[in-house]
Amino acid sequence: MFPPRQDVLRLMPEIILSLSGILLMLIEPFLSGARRTLIVTLAALGSGLALVSTIYPATLPGTAFSGLLRIDGFSVFVHVVVEAVAFLVIIGSADYLDREKIQHGEYYALVLFATVGMCVMAGAAELMTAFVGLETSSISTYILAGYRRDVPRSNESAMKYFLLGSFATAFFLYGIALLYGATGTTQLARMTFPTTPGRERLLDLGLGLMLVGLAFKIAAAPFQLWTPDVYEGAPTPVTALMASGPKAAAFALLLRILATVGAAGTFWFWALWVSAALTMFVGNLAAIAQSNVKRMLAYSSISHAGYILVALAAAAASDQVELGVAAVLYYLAVYALMKLGAFIFVSQLGGESERHMEIDDFRGLAVRQPVAAACFALFLLSLLGLPVTSGFLGKFYIFNAALASRLIWLAVLLAINTVIAAFYYLRVIVVMYMRQPNQTWPPAPMPWAVTFVLSIAAAGTFYLGLFPGRVMALATQAALSLPGR
Amino acid sequence: MSGNLAQAYAPLLIHLLVALGLSAILLILSSLIGQHRPTREKMQPYECGITPVGDAREPFDVKFYLVAMVFILFDVEAVFLYPWAYVFRELRWFGFTEMLLYILILLAGYVYLWKKGALDWNPSKTQRDRQT
């Protein structure tokens, strides 16, 4: 009855993450005094080890635990993205938490638990498992969003996220129930079109509800309303995590359902099309009106969900899902790095209790801190999609997938939106480079941990922009490893 | 299919209707026939027999919520033991180890709660400092 040894090995990243999270919770109350180094080291070590141990699932593809999990190139790709995000966020958070005087072991434990949930979502071959993963990651992030307990805005963020997130989860769960009713199974691979008359509507309804639940998690229009408030109120490193990790996991789940369940592609196509177009416009047009950098980046993350949805629609439209899926995966890696970099940078520049978050506060930064300003400018240009940066290639692959699936109009809308987005990204760069600096403020310190995270994100942004071959090959391999309709 | 379903649930529906009807009839009858002599004492809210102290709608100490939350947590976890006990013989050592792991993780949570002082009703000053 014991699961075979390779099943346990396939689950190694999740096991390491959970164990280090539990360990952190256990030692936290026993420590006093000089505990910061120990806690941060342990958390970084746990997430780093998990990242390394992804080699086990990578070398042992197959289904695990009686078909609950499916370990393939796809799940490994998303694992690596999500774990790298957790690793970088943990290292990038330490100084922020010190400054806000909320340096606790629980914070890191919650980040690790959230990552476990995302990893499970990436590998779930069955809907109940996916649901457990979704809940683990969501509940941890609800708490993290309210981690600045004494700040009303942080409380507001957690409350909004929790209430709306619970609704979305309920939609998702109801969808699972209806799918089970229609097909008699929760195994994705066995969800064939029901032969009993009258059950097709049930299947469509279930798929629709699941799409609503997941669209909320990826902040796709018209379910994006919570995003700016939640992202703005949450501690900035947590925003970095929320914008990159859970989004990638939810997209992975969407893709897996899309690729595995035949009915999903046809039924979701128009919903994805409309949502992609809406999300791009809503995110970009609202971002123009923002004066707060954090809020602007929140709206920009909505618009990026729209770009990824274009690739998703492309995957749904054609029989060859690979092109679209590979484009989504590549963009997820690209997006995670640049968004994480931008948010971690803002968390450091914001100063104590996030005071300096207005675009105007960044004026003259290039004179006062040229390297830091150049770094932020790089992330902004990549988010905009300028050549040489990774954002350009990410958009290029999405464009390519859209054209291959003959979604000409969606590709045109994508191009229009890139132009709209240029306005607000460039505005920040103009303010940084062409305005007189504010002399009264001391320059924001750049501790080595933050410098480390920013350099990795910047290096990754360049690497993915200049040498896409390796990662794109992995993404294509990952896309081909999906079971296929 | 749906015809069978309706037939199977018909007794339940009748039961529900009878229960609702009976209680409605009893309430209406007693208000019609019974004598009403309200006094000040009689109209007071019932509070286990003692004289009411004040309004119930006031802020409660957060400790109550904490205890309630911890109770529900462990209570729900205990529910998982029932299906486990049902298939315990079939699962053998695998089932035993799985449950052991589960309980151990739960125990870790318990130790955390304990050391954090969530179970102390009146935390001492030092503990309160540590909790922040």
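Which residue with a positive phi follows α17(A)? Arg406(A) does, with phi near 60 degrees. The legends below describe close-up views of a predicted model.

**View 1. Helix α17 of chain A and its surroundings.** Helix α17(A) covers residues 390–404. Its 15 residues reach 21 Å from the first C-alpha to the last, close to the 21 Å expected at 1.5 Å a residue. The helix is mostly covered, with 11 of its 15 residues buried. Among the buried residues are Phe392(A), Leu393(A), Tyr397(A), Ile398(A) and Phe399(A).

View 2. Val388(A) sits in the loop between α16 and α17 of chain A. Its phi is near 80 degrees, a positive value in a residue other than glycine. Most residues other than glycine have a negative phi. Val388(A) has 14 other C-beta atoms within 10 Å, so it counts as partly exposed.

**View 3. Helix α14 of chain A.** Residues 322–349 form helix α14(A). The end C-alpha atoms of α14(A) are 40 Å apart, which agrees with the 40 Å that its 28 residues should span at 1.5 Å a residue. Of these 28 residues, 28 are buried. Gly351(A), which follows the helix, has a positive phi, near 75 degrees.

**View 4. The largest nonpolar core.** This core holds 192 residues. Leu312(A), Ala313(A) and Tyr331(A) touch the most other members. Helix α14 of chain A gives the most to this core, with 22 residues. Leaving aside residues up to four places away in sequence, Ala313(A) touches Phe269(A), Leu272(A), Trp273(A), Ala276(A), Leu407(A) and Leu410(A).

**View 5. Packing of α5 against α20 in chain A.** Two packed helices are described by the angle between their axes and the distance between the axes. Helix α5(A) (residues 73–100) and helix α20(A) (residues 469–481) pack at an angle of about 135 degrees, with their axes 6 Å apart. At that angle, α5(A) is oblique to α20(A). Gly73(A), Phe74(A) and Phe77(A) make the contact from α5(A). From α20(A) come Leu474(A), Ala475(A), Gln477(A), Ala478(A), Ala479(A) and Ser481(A). The residues of this contact divide into 6 nonpolar, 3 polar and no charged.

View 6. The peptide bond between Ala221(A) and Pro222(A) is cis, with omega about 0 degrees. Most peptide bonds are trans. Pro222(A) lies in the loop between α9 (199–217) and α10 (227–233) of chain A.

**View 7. Phe65(A) between two strands.** The loop between β1 (62–64) and β2 (69–71) of chain A contains Phe65(A). Phi of this residue, which is not glycine, is positive, near 55 degrees. Phe65(A) is partly exposed, because 15 other C-beta atoms lie within 10 Å.

View 8. Chain B has 6 helices and 0 strands. From the N terminus on, its elements run α-α-α-α-α-α. Buried residues make up 1% of the 132 residues in chain B. The contact between the chains takes 7 residues from chain A and 9 residues from chain B. On the side of chain A that touches chain B, the residues divide into 7 nonpolar, no polar and no charged.

Terms used. Residues numbered from 1 in each chain as written. Chains lettered and ligands numbered in written order. Predicted model: local features only at pLDDT ≥ 70, side-chain atom pairs only at ≥ 80, totals over all residues. Contact = placed C-beta atoms within 7 Å. Nonpolar A, V, L, I, M, F, W, Y, C, P; charged D, E, K, R; others polar. Core = buried A, V, L, I, M, F, W, Y, C linked by C-beta atoms within 7 Å. Buried ≥ 20, exposed ≤ 12 C-beta atoms within 10 Å, placed from the backbone. Helix = DSSP H or I, 4+ residues; strand = E, 2+ residues; numbered from the N terminus. Axes fitted to C-alpha atoms, helices over the stretch in contact; angles between N-to-C directions. Parallel < 35°, antiparallel > 145°, perpendicular 65-115°, else oblique. Expected span 1.5 Å × (residues − 1).
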